[in-house]
Amino acid sequence: MSKPKLVYFDIDGARGEAARLAMVIGGVPFEDDRVKFADWQARKPHTPFGALPVLEHDGQTVAQSNGINRYVGKLAGLYPNDAWQAALCDETMDAVEEIATRVWSTMPLPAAEKKAQRESLAAGPLSDSLDRLQRRLVAQGGRYFADGRLTVADLKVFVWIRHLRSGQLDHVPVDLPDRVAPQLVEHQERVMGHPAVDAYYAGRKVAT
Ligand SMILES: N[C@@H](CCC(=O)N[C@@H](CS)C(=O)NCC(=O)O)C(=O)O
């Protein structure tokens, strides 16, 4: 079997990051093809849906971040075998994708509209989503979202909470997760403390 190639933008977050982390944690050798924004328009037509991430493996290509997370999660031993636990894992990843898509879709808006929409999302649907995600974590015992162990669901939430707390999103209060969902913050810090995750970011020399 050849090495999988993950194609994503040259950023240490967003939709490609959980798959990278899964392969790092699971010791799956992979090619990390980091696309520069300047090169994207030339590469875009060659992707299945005109977007990244894309995973190439054994001469085939697949798109859609959560599908990729499931696939690499299986390669890395970070996806549940049990059907119900797999459904819980999927639920978590889809819940993050749903709210992240709403927040990120404000990116191209004119400044005033972006500010209004982000403030409204932060006060309403984003806070609600954080609260509900926290409740689902607590319902599973408070440490992991599925299977009683680290799965790709935890990595998806980790990447999202880290992003929200990074200050990169103008008009979304940087302390929103701390105020609304402190147990998601604890979860993020716990995943960050995983030796493989810690070593990975230390090696990339990026703020965590
Ligand atoms: N539903 C897709 C969304 C993919 C997506 O919108 N990717 C963004 C980056 S996170 C992208 O490629 N943007 C550039 C473009 O659309 O031209 C997924 O989950 O993978």
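Student: How do you know what share of the contacts between residues at least 6 apart in sequence join residues at least 24 apart in the protein chain?

Tutor: Count the pairs whose C-beta atoms, placed from the backbone, lie within 7 Å; among those at least 6 apart in sequence, 72% join residues at least 24 apart. This is a predicted model, where local features need pLDDT of at least 70, side-chain atom pairs count only at pLDDT 80 or more, and totals for chains, interfaces and linings use all residues. Residues are numbered from 1 along each chain as its sequence is written.

Student: Which elements does the protein chain have, and in what order do they run?

Tutor: The protein chain has nine helices and four strands, counted as DSSP runs (helices: H or I, at least four residues; strands: E, at least two) and numbered from the N terminus. From that end the order is β-α-β-α-β-β-α-α-α-α-α-α-α.

Student: What makes up the contact of α1 with α9, by class?

Tutor: Leu21, Val24 and Ile25 of α1 meet Ala196, Val197 and Tyr200 of α9. That gives six nonpolar, no polar and no charged residues, because Ala, Val, Leu, Ile, Met, Phe, Trp, Tyr, Cys and Pro count as nonpolar, Asp, Glu, Lys and Arg as charged, and the others, Gly among them, as polar.

Student: How do the residues of the shell around the ligand divide?

Tutor: Into four nonpolar, three polar and three charged. Arg15, Lys44 and Glu97 are among the residues surrounding the ligand, each with its C-beta atom, placed from the backbone, within 6 Å of it.

Technical notes:
Two residues are in contact if their C-beta atoms, placed from the backbone, lie within 7 Å.
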